Amino acid sequence: MTRSMNRLYSTSTVGSKRWSHVQKGPEDPILGVTVAFNKDTSPSKINLGVGAYRDDNNKPYVLEAVKKAEKKIFEANVDHEYAPIVGVASFNNAAAVLALGEDNSYIKEKKITTVQTISGTGALRVAAEFFGRFLPGVTAYVPNPTWGNHNVIFADSKVPVKSYSYYNPSNCGLNFEGMIKDIQAAPAGSIILLHACAHNPTGVDPTHEQWKKISQVCKEKEHFVLFDFAYQGFASGSPEEDAYAVRLFVEDGHLIGLCQSFAKNFGLYGERIGAFSLLANSAEEAAVLESQLKILIRPMYSNPPVYGARVVSSILSNKELTQQWRSEVKLMADRIIDMRTSLVKYLKQHGSTKDWSHITNQIGMFCFTGLTPEQVDRLASEFHVYLTRNGRISIAGITSKNVEYLAKAIHSVTK
Ligand SMILES: Cc1ncc(COP(=O)(O)O)c(C=O)c1O
């Protein structure tokens, strides 16, 4: 620092203006929905913006399997020592096994590195930082539309980001031809981000046949495939069915990257528990990759928190608790599927002749309704129903008590 700069920084006028160039940033659109919902005093109000599961009484749900695991952890009188940089080893192994399957050869032969992360967002951030460092200048392609954080995470990690066609607004389904064309047109060796299941925000997933074609095209173009797996078990109710795409790509020989979140399927939102894995050609390569992941993680957050990892690993290492978790994740998925069916039933019952089949064809917590921004505004002002202006609803906000009211409201603004 020069002497004149020193003088500048020591003056109180400069001190008082230090942050004067910082402008207020825009609010997150989803938070905006919740703010508007909280202000509304109507007893009929419905919040369809939240990205967290709610039970049929609109309450957060703590899984019984989680409660039992917590009891076991408490009774074991564990200490609070630091985890290693890569996190809790038993959790990392359980996470990889859950995604890739019991007898996956990469796990058996240690041709994989898995690091515990700060939930799914942290997994994506670690992945993006790794690409920024070791695949410099390589563009990441994300679906259009995608979860709002994807673009920002890549951009903040200095990874160029572009999108590929995904959603077809004319039938509220998949623009499969467009998707394939764009993935084919991307420069060879690009990073292709795929939502493994329950695409957020559209709820539109490829079929098994379509996944096969996507895998083939990615293979031909030697693209690096990064799966964002935030909803395993939560989409169909079966962790295996939801892992179809991930396991198919691995069988097809892709050395994938995998970001997992345990927020939704274990109801551990605030515990921030996730994992990032990279498949490798050999155990030696996996060890090399892990050494660099450690170097990257250490200055970011040193090492991850242990609590969520302990909960998930005690469930997945115990047959009875795993069984209980499976039945509870199915219960959550089934409630979501039931609400989709119910909403369509009431829309028809109240006289809507529109085609609402996309509501039941789509899967997972979110549904792209096809409602226009103006219709969304009317839902809020006339019916106290709140959602983002892109027409996305969180099915978790629907209950057996409010579904008919919601159907009537949607019918009113769409007829
Ligand atoms: C597609 C997708 N990826 C990742 C995440 C990450 O969530 P979390 O950081 O809470 O695990 C979410 C959460 O909404 C998501 O929808």
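What distance separates the centres of domain 1 and domain 2, taken over C-alpha atoms?

Modeller: This is a predicted model. The centres of domain 1 and domain 2, taken over C-alpha atoms, are 29 Å apart. The contact between them draws on 18 residues of domain 1 and 20 residues of domain 2. As for the bounds, domain 1 is made of two stretches, 28-61 and 331-414, while domain 2 covers 82-317.

Putting the two domains together buries about 1500 Å². Carbon and sulfur atoms give 66% of that area. On the side of domain 1, the residues that lose the most area to domain 2 are Ile363, Phe366 and Phe368. Together these three residues make up 36% of what that side buries.

Six residue pairs are in polar contact across it, with both residues of each pair at pLDDT 80 or more. Two elements, helix H15 (319-349) and strand S11 (366-368), each supply at least two residues of the side of domain 1 that touches domain 2. H15 gives the largest share of that side, four residues.

The salt bridges of the model come next. The structure holds twelve of them. In general, side chains of opposite charge can pair when their charged atoms come close.

One of these pairs is Glu64 with Lys67, whose side chains meet at 3.2 Å, N to O. Both residues belong to helix H4 (residues 64-75), where they sit three residues apart, about one turn of the helix. Glu64 counts as partly exposed because its relative accessibility is 34%. Lys67, at 40% relative accessibility, counts as partly exposed too.

Elsewhere, salt bridges that share partners join Asp56, Arg335 and Lys401 into one network.

The side chains of Lys111 and Glu109 form another salt bridge, at 3.3 Å, N to O. Lys111 counts as buried, because its relative accessibility of 18% is under the 20% cut-off. Glu109, with a relative accessible area of 45%, is partly exposed.

Strand S2 takes in residues 112-118. Six of its seven residues are buried, so the strand is mostly covered. S2 runs antiparallel to strand S10 (residues 273-279), and seven bridges join the two strands. Among the paired residues, Ile118 has Ile273 of S10 as its bridge partner. In a regular strand the side chains alternate between the two faces of the sheet.

The loops hold some backbone features to check by eye. The peptide bond from Asn144 to Pro145 is cis, with omega near 5°. Pro145 is in the loop between strand S3 (140-144) and helix H8 (149-156). A cis peptide bond also runs from Asn200 to Pro201, with omega near 20°. Pro201 is placed in the loop between strand S7 (191-195) and helix H10 (208-220).

The loop between S7 and H10 also contains Ala198. This residue is not a glycine, yet its phi is positive, about 55°. Ala198 is buried, because its relative accessible area is 4%. Glu222 likewise has a positive phi of about 55° without being a glycine. Glu222 is found in the loop between H10 and strand S8 (224-229). At 64% relative accessibility, Glu222 counts as exposed.

Terms used: Residues are numbered from 1 along each chain as its sequence is written. This is a predicted model: local features need pLDDT of at least 70, side-chain atom pairs count only at pLDDT 80 or more; totals for chains, interfaces and linings use all residues. Side-chain values use heavy atoms; hydrogens and water are left out. Buried means under 20% relative accessible area, exposed over 50%, partly exposed in between (1.4 Å probe, protein chains only). Two strands pair if DSSP finds at least two bridges between them. Domain bounds come from an automatic or database domain assignment. Contact means heavy atoms within 4.5 Å. Buried area is the accessible area (1.4 Å probe) that two parts lose on being put together, summed over both. A polar contact is a pair of N or O atoms within 3.5 Å; within protein, one must be able to donate a hydrogen and the other to accept it, and residues adjacent in sequence count only if both atoms are side-chain atoms. A salt bridge is a side-chain nitrogen of Lys or Arg within 4 Å of a carboxyl oxygen of Asp or Glu.
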